[in-house]
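I opened the model to look up two contacts and write down what each is made of. These are my entries.

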Amino acid sequence: MSTYIGKSIPRVDSLPKALGTARFFDDMALPRMLYARVLRSPYAHARIVSIDTSAAKKLPGVRAVITAEDTLKRKFGLLPRLRDQPMLAFDKVRYVGEEVAAVAADTEDIADEALGLIKVQYEELPAVLDPVEAYKEGSPQVHDHVKRNVSFTASVQRGDVEEALRKCDLVRHNTIRCVQTAHCQIEPYGAVASFEEGKLDVWSPNQSPFTRRRALSNLIGLPLDKIRVRRCYIGGAFGGRSDTFPAEVIAGLLSMKTARPVKITYSRRESLAATRTNHAAVYDIKMGVNRDGTLQALLIKGTLEGGAYLSSGTNATGAPGSAVEALYHAENFKYEGTRMYTNKTPSSMYHIQTTPLVMTVELMLDMFAGELGIDPVEMRLRNITGPNSVTSGGSVISSCLLKECIEKTIELSGWKDKYGKLPPGKGIGMGCGQSASGFPLGIRFGSSAFVKFNEDATATVISGIVDNGQGNENLMFQIAADELGLSLDEVALVNADTELCPQDPGSYSMTATFVSGNAVRLAAQDARQQLLTVASGMMEVSAESLDLKDHRVFLKDDPNKAIPLEDIVRMAFLKGTPPLGRGTYIPKPLSPKGWADIQAGKLYGQYGPTYTFGCAVAEVDVDMDTGKVKVDKLTLVNDVGFPINPMVVQGQMESYSGLVLGHVLLEKHEWDGKGRMLTDGLQSFHLPTSLDMPPISSNLMDGDDPAGPYGAKDTGPTGGVSGAIINAIYNATGVVVDALPVSPETLLKAIKART
Amino acid sequence: MKKMLELTVNGQQVNLEVEPQRTLQEVLRDELGLTGTKRGCDDASCGACTVLLNGKAVLSCNILALDARGKDVLTVEGLAKNGQLHPLQKAFIERGAIQCGFCTPGMLISAKELLDKNPKPTELEVREALSGNLCRCTGYAKIIEAVEAASQSK
Ligand code: FES
Ligand code: FES
């Protein structure tokens, strides 16, 4: 039996975090370090006529001032064809907050003062602040080469959905709209850069060091081996730290210019208004079922508002469709997503960005269930995907315990005693969810890892894995310690460093467990095999007859015949075969076609290598006089395969629940008529507090994925919490929510309209 | 003009010169290198910078360093004593209440103020005491559990 795999052991990184010694980028101070600040556009759309930095440069204490003229004038984008964001604006600015110039100075105060001395002459242009307006013929164009501001389209299709809708017994048509929200990591954004001896070191919160290195190389013009993206503690990501941002490029350029380290720390305001938001979206959904409650047709049109740049909008445009097609089976399915440019803060992927759509599909299932007199639980069981099924987009789902998740959630929540039996204002609802563990990332899809032994029989694991706070690093400790027969404190981890570690996809698609975990497992197993081989020579038995556990190698048949691990390691060094393990894991595409023709925006083939599922029940209390919703309790059951650390997985389920509750009930960005974000502080942008969150019962199925390490899959935004909350509100009030967030005012109005 | 500031930080007497407009947060982080005290906002709204000032939880970004003159400051770095973790630190670690850890220092300090005043709080009292400390990673569930566990272990 394993010592660490499958156990709820505390995370290794929690000690430095509890002591206050864990260093985030802003906690760093390097010798001779300078401080940088950024001058940002006050206009949503304007032509830059001229920039005069002469006065700023003369201010004592200012060491460098840069504008686009000091850059290569290249643009950032996830794919070469789709590069659209300059790191310092040239020609035009496209949103309020866009980077125009930057200063490095001895102190932040001096840098700030210098910003005030930079004279920029703008010629204001008409801005487009609404995606519907943006599409109209003759509207201002955010990018000169993009007609009608269509940023990206993506579609998934199976069968003839229009025809099927005509033939269904019952058809519903709902819409849902949501405004921009934010990832709102509690750590504000920024970077430290240090250029020395021709090499650039960069520390900044990021989800994928290798992707970032590639982008920095393109933008700054240094080859990959001259850029080192380094590990630091990261204060949350949630999909919002996957792009490369101007902060690290600016810090890098300023460091190259001054030959001194440079730190740039964004204010909360800059973090909210000038990094990324979640997409605003409108979904138009037609769903058709037969009288027996089986789903026959689903037609979804999504319009996403993407702001000024594409960011990770390619994935964001397709993800809502993928979220639905791998959850419920509809023989006829069509999803069409269109992403629009507007003159606002760019929007990126967000961990829970499919919330409005998935939630509304869940709501429609409940409405059908009511109409047909079918129990909501039964309604789900008749339509969910199962193991070894193929989704509309052509993905094969291997392991799936969604049915079991539903049954267990219903049992644990006491659903049967509550549904239909609650007093007015109280409600209970259920929802389901799934997420793919990773999606194809081309040459960055796979991960490699090394394990090296030190002569005292401790081991160092080298993996590109990055931890944004969710516990990825700890996973690697657990896997390596178990495979190598060591205790956790005899394992060291070198990670998230592009110079020291082999390539890794990063943690931006729920792949850390599946891909990076498998690579570390294989590397550790390789080192283990080498140790067994050395031991077999020492014991004069075959390596196959030996096992390694608890610091010793022993005969499987006679565990008393053993050699201490330390002796074996020493012997390995003496014999000139020091144990060096290596492992590479690249998920196999299960479908022949591979995924998605990105150019054409057609999504087909294997999306994620495996899928994670979950079910949730929410209980709510709606104040019928004020419209205020209080979520009293959440009960969750997830299928993450075999959970490597149940406590960490539960933590991620609770994390996801907090994000969803905020998105559904509280969070909302607002803008004025000039495209300025009004909600750029935590007093105006409302995150859930400890008083908003209910107690959460988070439970796990004991699953087993055929390809996952030890049978594990990643935890994702899986739990069905949004559907559960929205259905509980429907159950309590009869109100069909059609916009997020559900504010007390809108809900009260809807309640009044019904009575 | 810099002014003299004397205060006690984590049990140690500190004397330094500071500019009058510096906040306690800036002095702790930039002058004393106590970077466990975090900065998460611009307008005293996140709680990541919470420290104890004469036993009372305050937002260190919201008071001038000079106003702490002669007072006793406790930051997260001062919670563990002689290599022994504070029961709250232990409970946070054991219960999985720490994810990214950015809110953790502030949470621990707010929770300490609560348990110092009210050793056996109810769940609601815990939630109220922590309601000024924002966390984006945990949904608060395991943080509340950890504070309750620490209160029971005392
Ligand atoms: S830094 Fe946010 S409250 Fe002090
Ligand atoms: S643990 Fe990340 S903000 Fe609380």
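This is a predicted model: local features need pLDDT of at least 70, side-chain atom pairs count only at pLDDT 80 or more; totals for chains, interfaces and linings use all residues.

**Entry 1: extent of the contact between the chains**

I began with chain A against chain B. The contact takes in 55 residues of chain A and 45 residues of chain B. I looked up the buried area next and noted about 3,800 Å² between chain A and chain B, with carbon and sulfur atoms giving 56% of that area. On the chain A side, I noted that Ala18(A), Ile186(A) and Ser690(A) lose the most area to chain B. Together these three residues make up 17% of what the chain A side buries.

**Entry 2: polar and charged pairs between the chains**

How many salt bridges are found across the interface of chain A and chain B? I noted six. One that I looked up joins Arg22(B) to Asp109(A), where the closest N and O atoms are 2.9 Å apart. For polar contacts, I recorded 26 residue pairs between chain A and chain B, with both residues of a pair at pLDDT 80 or more.

**Entry 3: what chain A brings to the contact**

I then went through the helices on the side of chain A that touches chain B. Helix H1 (14-19), helix H8 (268-273) and helix H17 (646-666) of chain A each supply at least two residues of that side. The largest share comes from H17(A), with eight residues. By class, I recorded 24 nonpolar, 19 polar and 12 charged residues on the side of chain A that touches chain B.

**Entry 4: the two domains of chain B**

Chain B is split into domain 1 (3-78) and domain 2 (87-152). Taken over C-alpha atoms, the centres of the two domains are 21 Å apart. I noted 17 residues of domain 1 in contact with 13 residues of domain 2. The area buried between these domains of chain B is about 1,100 Å², and carbon and sulfur atoms give 67% of it.

**Entry 5: pairs and elements between the domains**

How many salt bridges cross the interface of domain 1 and domain 2 of chain B? I recorded zero. For polar contacts between the two domains, I noted three residue pairs, both residues at pLDDT 80 or more. On the side of domain 1 that touches domain 2, strand E3 (50-53) and strand E4 (56-59) of chain B each supply at least two residues. E3(B) gives the largest share of that side, three residues. I sorted the residues of this domain 1 side into seven nonpolar, seven polar and three charged.

Definitions and conventions: Residues are numbered from 1 along each chain as its sequence is written. Chains are lettered from A and ligands numbered from 1 in the order in which they are written. Side-chain values use heavy atoms; hydrogens and water are left out. Domain bounds come from an automatic or database domain assignment. Contact means heavy atoms within 4.5 Å. Buried area is the accessible area (1.4 Å probe) that two parts lose on being put together, summed over both. A salt bridge is a side-chain nitrogen of Lys or Arg within 4 Å of a carboxyl oxygen of Asp or Glu. A polar contact is a pair of N or O atoms within 3.5 Å; within protein, one must be able to donate a hydrogen and the other to accept it, and residues adjacent in sequence count only if both atoms are side-chain atoms. Helices (H or I, at least four residues) and strands (E, at least two) are DSSP runs, numbered from the N terminus. Ala, Val, Leu, Ile, Met, Phe, Trp, Tyr, Cys and Pro count as nonpolar, Asp, Glu, Lys and Arg as charged, and the others, Gly among them, as polar.
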